[in-house]
Amino acid sequence: SFSFSSISLNCGYAAKPHTDRGNFGPSLAASMGDFTGGRLILWQSPGEYGPRAYVDTTSPALFNGNHRHAVEHFEGCRWSLVFYMASDAWEATSGFCEEFL
């Protein structure tokens, strides 16, 4: 099961290499539209500089947003959705279900 508190909707955005701060657990990315290129570029660790994987997100893909990642250049109309759990949301909801068990 994948839990998330937040969704980012992007149109025409090719993210430069970065790490997400304040995410808890994995992120899930999916892209759609009439475009070429635009794969998710992943690194194995936060400070690494050589990309390790290129992921086609036209099918939903899990990745670690706390590690360096980016979106490669693309042509056309590209929309993307990124689902993730914000750390502050995780802290606010942790233990919530246990109260009802």
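Two strands are taken as paired if DSSP finds at least two bridges between them, and strands (E, at least two residues) as well as helices (H or I, at least four residues) are DSSP runs numbered from the N terminus. In this sense Ala29 stands opposite Ala61, a residue of β5, and β2 runs antiparallel to strand β5 (residues 61–63), to which three bridges join it. Twelve bridges join β2 to β7, and these two strands likewise run antiparallel; within this pairing, Leu81 of β7 is the bridge partner of Ala30.

The model is predicted, so that local features need pLDDT of at least 70 and side-chain atom pairs count only at pLDDT 80 or more, whereas totals for chains, interfaces and linings use all residues. Residues are numbered from 1 along each chain as its sequence is written, and side-chain values use heavy atoms, with hydrogens and water left out.

The protein chain has one helix and seven strands, and its elements follow the order β-β-β-β-β-β-β-α from the N terminus on. Of the 101 residues in the protein chain, 33% are buried, where buried means under 20% relative accessible area, exposed over 50%, and partly exposed in between (1.4 Å probe, protein chains only). The chain exposes about 6,400 Å², of which carbon and sulfur atoms supply 56%; accessible areas come from the Shrake-Rupley method with a 1.4 Å probe, and for residues only the protein chains shown count as cover. With contact defined as heavy atoms within 4.5 Å, 80% of the contacts between residues at least 6 apart in sequence join residues at least 24 apart.

Ser27 is found in strand β2 and, at 0% relative accessibility, counts as buried. Residues up to four places away in sequence not being counted, Ser27 touches Phe2, Ala61, Leu62, Phe63, Gly65, Val82, Phe83 and Tyr84. The side chains of Ser27 and Asn23 are joined by a polar contact of 3.5 Å, the term denoting a pair of N or O atoms within 3.5 Å, of which, within protein, one must be able to donate a hydrogen and the other to accept it, with residues adjacent in sequence counting only if both atoms are side-chain atoms.

Leu42, found in strand β3, is also buried, at 17% relative accessibility. Although Leu42 and His67 are 25 residues apart in sequence, their C-alpha atoms are 7.6 Å apart in space. Residues up to four places away again being left out, the contacts of Leu42 are with Pro51, Arg52, Ala53, Val55, Phe63, Arg68 and His69.

A salt bridge is defined as a side-chain nitrogen of Lys or Arg within 4 Å of a carboxyl oxygen of Asp or Glu, and by this rule the count comes to one. The bridge is formed by Glu72 and Arg39, whose closest N and O atoms are 2.8 Å apart. Glu72 lies in the loop between β6 (69–71) and β7 (74–86) and Arg39 in the loop between β2 (23–37) and β3 (40–42), so the pair ties together parts that are 33 residues apart in sequence. Glu72 is buried, at 17% relative accessibility, while Arg39 is partly exposed, at 34%.

The structure holds zero disulfides, a disulfide being a pair of cysteine sulfur atoms within 2.5 Å. The cysteine sulfur closest to that of Cys11 belongs to Cys77 and is 4.9 Å away, too far for a bond. Cys11 is partly exposed, at 46% relative accessibility, and Cys77 is partly exposed, with a relative accessible area of 38%.
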